[in-house]
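This report goes through one protein model, element by element.

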Amino acid sequence: MTSTVAPRATWFSGAVGAGLVFAAVSNTCAMGQLLSALPHNQRDHVHLADVTRRLA
């Protein structure tokens, strides 16, 4: 349906599909690595003593 309105959408879906095939064959995931590098996905080291002190 989208390709009738925007013919270049076919190329975009083909590129996404090729990227997924490459990720499966090479056992890597560039999107996952990119998302894990974002600042919101970084873990803070939490210590139990700090948590209990803040709750008290």
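## N27 and the end of helix α2

N27 is exposed, because its relative accessibility is 72% and the cut-off for exposed is over 50%. N27 is found in the loop between α2 and α3.

S26, by contrast in location, lies in helix α2. At 29% relative accessibility S26 counts as partly exposed, because that class lies between the limits of 20% and 50%. From S26 to P39 the C-alpha distance is 26 Å, with the two residues 13 apart in sequence.

## Confidence

What is the average pLDDT of the chain? The average is 86, and 98% of the residues score at least 70. Helix α1, residues 2–5, has the lowest confidence in the chain, with a mean of 78. Confidence is highest in helix α2, residues 9–26, where the mean is 91. Where pLDDT is low, predicted coordinates should not be read in detail.

## Length of helix α2

Does the end-to-end distance of α2 agree with its residue count, or disagree? The helix has 18 residues, and at 1.5 Å a residue these should span 26 Å. The expected span is taken as 1.5 Å times one less than the number of residues. In the model the end C-alpha atoms of α2 are 26 Å apart, so the two values agree.

## The largest pocket

The largest pocket has a volume of about 200 Å³. Its lining consists of V16, G19, L20, F22, A23, T28, C29, A30 and M31. Helix α2 gives the largest share of this lining, five residues. Both α2 and α3 (30–36) supply at least two residues each.

Which classes of residue make up the lining of the largest pocket? Seven are nonpolar and two are polar, while no charged residues are present.

How many salt bridges does a search of the whole structure find? The search finds one. D50 is paired with R53 in a salt bridge, and the closest N and O atoms of the two are 2.7 Å apart. That distance falls inside the limit used for a salt bridge, which is within 4 Å.

D50 and R53 both belong to helix α4 (residues 48–55), and because they are three residues apart there, about one helical turn separates them. An α-helix has 3.6 residues a turn, so residues three or four places apart point the same way.

A6 has its place in the loop between α1 and α2. With a relative accessibility of 34%, A6 counts as partly exposed. A6 and A23 are 17 residues apart along the chain, and their C-alpha atoms are separated by 27 Å. A23 is also one of the residues lining the largest pocket.

H45 is placed in the loop between α3 and α4. Is H45 buried or exposed? H45 counts as exposed, because its relative accessibility is 75%. H45 and Q33 are 20 Å apart in space, C-alpha to C-alpha, and twelve residues apart in sequence.

Note on methods
Residues are numbered from 1 along each chain as its sequence is written. This is a predicted model: local features need pLDDT of at least 70, side-chain atom pairs count only at pLDDT 80 or more; totals for chains, interfaces and linings use all residues. Side-chain values use heavy atoms; hydrogens and water are left out. pLDDT is the predictor's confidence in each residue, from 0 to 100. Helices (H or I, at least four residues) and strands (E, at least two) are DSSP runs, numbered from the N terminus. On a 1 Å grid over the protein atoms alone, a cavity is a set of points where a 1.4 Å probe fits but cannot get out, and a pocket is an open set with protein on both sides within 12 Å along at least five of seven lines; lining residues have an atom within 4 Å of a point. Grid points are joined across faces, edges and corners, and a volume is the space filled by probe spheres set on the points. Ala, Val, Leu, Ile, Met, Phe, Trp, Tyr, Cys and Pro count as nonpolar, Asp, Glu, Lys and Arg as charged, and the others, Gly among them, as polar. Buried means under 20% relative accessible area, exposed over 50%, partly exposed in between (1.4 Å probe, protein chains only). A salt bridge is a side-chain nitrogen of Lys or Arg within 4 Å of a carboxyl oxygen of Asp or Glu.
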